[in-house]
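Take a moment to turn the model around before reading on. Then follow the chain with us, step by step.

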Amino acid sequence: MAAEDPSVSGVSGRYATALFELARDEQSVDQVRADLDKFEALLNESADLKRLVRSPVFAADAQLKALTAVLDKAGIAGTTAKFLKVLTANRRLFAVADVIRAYRALVAKFKGEATADVTVAEELSDKNLDALKAALKSVTGKDVALNVKVDPSIIGGLVVKLGSRMVDSSLRTKLNSIKNAMKEAG
């Protein structure tokens, strides 16, 4: 399965594939995805946790002890906790972000979903998110999961990346094209 999807390759792809197959066999695909999402959120919020994950300075046993405490406090248990501990024991915890991304890709393929990366200038309301999902579903014919990122520098509009396709309707891009057109004309 990993060889079929170019986004699921290398060390992270092999670990993600192993986790996915285990979760599928245990019928806990959604629970594992929720736990990985929770761990990723913790990682994004804590500079100390990022340092623990990325730094080769920490010994494997110290890293495992600290990770166990974090997982216990976050309520992450079962297959996901065991998997993260295996990553730590094998000195591959630094690749956890890529493993999470690859796992999501495998789950999306398994469920017939597509994932779109959306960049907006400000938070979207639930109504707008639903409208965007519906529009993307009509284009792809699949349910679309959204990874929404807020970036005020695009000024307005949005940037949508779905697979190899990208639509940039941001105000920043439109202003830059006008600026370039004026430079060429003058």
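How many bridges join β3 to strand β4? There are 4 bridges, and the two strands run antiparallel. Strands pair here if DSSP finds at least two bridges between them. Strand β4 covers residues 165–168. Within this pairing, Leu162 has Arg165 in β4 as its bridge partner. The hairpin of β3 and β4 has 2 residues between the strands. Gly163 in this hairpin takes a positive phi near 65°.

A word on the ground rules. This is a predicted model, in which local features need pLDDT of at least 70 and side-chain atom pairs count only at pLDDT 80 or more, while totals for chains, interfaces and linings use all residues. Residues are numbered from 1 along each chain as its sequence is written, and side-chain values use heavy atoms, with hydrogens and water left out.

Now the other pairing of β3. Strands β1 and β3 are joined by 5 bridges and run antiparallel. Here Asp117 stands opposite Lys161 in β3. In a regular strand, side chains alternate between the two faces of the sheet.

Step back to the whole chain. It has 8 helices and 4 strands. Helices (H or I, at least four residues) and strands (E, at least two) are DSSP runs, numbered from the N terminus. The order from the N terminus is α-α-α-α-α-α-β-α-β-β-β-α. Along its principal axes, the C-alpha trace spans about 65 × 40 × 30 Å. Of the 186 residues, 32% are buried. Buried means under 20% relative accessible area, exposed over 50%, and partly exposed in between (1.4 Å probe, protein chains only).

Where do nonpolar side chains gather? The largest nonpolar core has 30 residues. Such a core is a set of buried Ala, Val, Leu, Ile, Met, Phe, Trp, Tyr and Cys residues joined through side-chain atoms within 4.5 Å. Phe39, Leu84, Val96 and Tyr103 have the most contacts inside this core. Two or more residues come from each of α1 (10–25), α2, α3 (47–54), α4 (60–74), α5 (78–89) and α6. Helix α6 gives the most, with 7 residues.

Look closely at Val96, in helix α6. Is Val96 buried or exposed? Val96 counts as buried because its relative accessibility is 1%. Leaving aside neighbours within four places in sequence, Val96 is in contact with Phe39, Leu43, Val53, Leu84 and Leu87. Contact means heavy atoms within 4.5 Å.

Finally, look for open space. The largest pocket holds about 1000 Å³. On a 1 Å grid over the protein atoms alone, a pocket is an open set of points where a 1.4 Å probe fits, with protein on both sides within 12 Å along at least five of seven lines; lining residues have an atom within 4 Å of a point. Grid points are joined across faces, edges and corners, and the volume is the space filled by probe spheres set on the points.

Of the 26 lining residues, Arg101, Ala105, Thr115, Asp117 and Asn147 are the closest to the centre of the pocket. Helix α6 gives the most to this lining, with 7 residues. By class, the lining has 6 nonpolar, 7 polar and 13 charged residues. Ala, Val, Leu, Ile, Met, Phe, Trp, Tyr, Cys and Pro count as nonpolar, Asp, Glu, Lys and Arg as charged, and the others, Gly among them, as polar.
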